2 protein chains.
Amino acid sequence: MAKSDETRAKITETAIASFRERGYDQTTIRLIANEANISVGNAYYYFPTKNHLVQELYLRVQDDHRLRVAEGFGTTKDLAKRLEIALLSGLDALAPYHDAAPGFLSAAISPTSAVSPFGPDSVAPREMAIEVFQMAVDGSTNAIPSELKAQLPELLWMAYMGLALYWVYDNSAGQAKSRRLASRASGLFGTVLPLARLPFARGPLNELLAMIAEARS
Amino acid sequence: MAKSDETRAKITETAIASFRERGYDQTTIRLIANEANISVGNAYYYFPTKNHLVQELYLRVQDDHRLRVAEGFGTTKDLAKRLEIALLSGLDALAPYHDAAPGFLSAAISPTSAVSPFGPDSVAPREMAIEVFQMAVDGSTNAIPSELKAQLPELLWMAYMGLALYWVYDNSAGQAKSRRLASRASGLFGTVLPLARLPFARGPLNELLAMIAEARS
DNA sequence: ACTTGGTTTTGAACACGTTCAGAAAAGGAC
DNA sequence: GTCCTTTTCTGAACGTGTTCAAAACCAAGT
């Protein structure tokens, strides 16, 4: 058993390192096999697809995100601030892989792909990712309508997916534009959130939530 | 020249028909070449990439969208209704290619691809697509704050891109869920739009528009 | 008719992700 | 130690998108 785990680990480490250094396209299975001193077929014994190696990287990034967030939240209780921390921490965790991101994106975007964030193959990773935003909401002291509060973590995660999409296309130095967008959107969210409690906002808000609920079915 | 155009047309027609019948993955260049009675290399003389054949399909869908919208608008003056027409017409135009959509999507999504809808290489197609929503806005009689009105067509186009993304993943019969989402979102937009003129909404609205403008730079 | 220069077409070749039949290694059971 | 089963590993092979040197074709110009 130990030998098997060792081989598996050797493959993931080599693959992730190569993704980081060379990007997605230039990281070939043959290259990974060479660097890990195994055969091509052996890599496929452990990982049915190249995309499954990307999944491994994705899990690592997510773990990193969780660690950064746990540290970053500190004693902050304001939801907008916590959201900003969650978003910026996510971008921090992603940063080393910006060059490889386009390749990852087109690998992940196909619904048939193992790495599709919406697909059935990545339920666990997705729930782990949503947990970050669950923490952001739970640790806040803001007064939030309960129907909204229930759906908020998943909605914020989807917003984060949108931000990540923007980030892939963002070629500004250090992806500064993505960071600025994250901050500004968080601030805007903070100013708009109290309005959700105004009486005439309830109608549209409930319709919005119902629409999303139906779309998610 | 005539011969050349003929070959080119033969390739595009064969390719689009095959995308439609067999989907993206199962449409191979060798297959297209066979059906079009040419050699593999000759296809590459006209189209540098398989994705460029997808681009050809994309243009066709867009043309179809424009035709359907021009017919569909009729005498409707309400912006929400016009938006709904624009969105549903878009889904109608896309419908025949739902099976091929995942491949279509991953071909288009990569920023490095010449076919990316956000990239510099497809400015013209993008502007043609936005024009549909420009028409939707221009033909309406709703009172809209001018700062918003200026940005609205592009914003609606982005919303349409989001809808299209949802549609790719939508496996309900006839993609009914996507259609329902389009209708419901249009209706919600119609009820929220008047609120944009209320005094205390101006602040957040302007911040939102400024944020988007900065993000688009 | 013959050359010339450009356009169009061909098919073999390359590297890639992936598959697969079978070899090698690793444990037990006796 | 010897046999048997299961796990782990190998490398050749397949079909893919793409490239490229060379062939074939074509339209003038002389």
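A: In this predicted model, the surface near DNA strand D draws at least two residues from each of α1 (2-22) and α3 (40-46) of chain A and α2 (29-35) and α3 (40-46) of chain B, where helices are DSSP runs of H or I with at least four residues, numbered from the N terminus. Local features need pLDDT of at least 70 and side-chain atom pairs pLDDT 80 or more, whereas totals for chains, interfaces and linings use all residues. Residues are numbered from 1 along each chain as its sequence is written, and chains are lettered from A in the order in which they are written.

The largest share of this surface, 4 residues, comes from α3(A). In total 19 residues surround DNA strand D, and the closest are Ser4(A), Gly41(A), Thr28(B), Gly41(B) and Lys50(B); a residue is near the strand if its C-beta atom, placed from the backbone, lies within 6 Å of it. By class, the surface holds 8 nonpolar, 8 polar and 3 charged residues, with Ala, Val, Leu, Ile, Met, Phe, Trp, Tyr, Cys and Pro counted as nonpolar, Asp, Glu, Lys and Arg as charged, and the others, Gly among them, as polar.

Within chain B, helix α1 (residues 2-22) packs against helix α4 (residues 50-73) at an angle of about 80°, with their axes 10 Å apart. Thr12(B), Ala15(B), Ile16(B) and Phe19(B) of α1(B) meet Leu53(B), Glu56(B), Leu57(B) and Arg60(B) of α4(B), residues being in contact if their C-beta atoms, placed from the backbone, lie within 7 Å. This contact of α1(B) with α4(B) has 5 nonpolar, 1 polar and 2 charged residues.

Note on methods
Axes are lines fitted to C-alpha atoms, for helices over the stretch in contact, and angles run from 0 to 180 degrees between N-to-C directions. Two residues are in contact if their C-beta atoms, placed from the backbone, lie within 7 Å.
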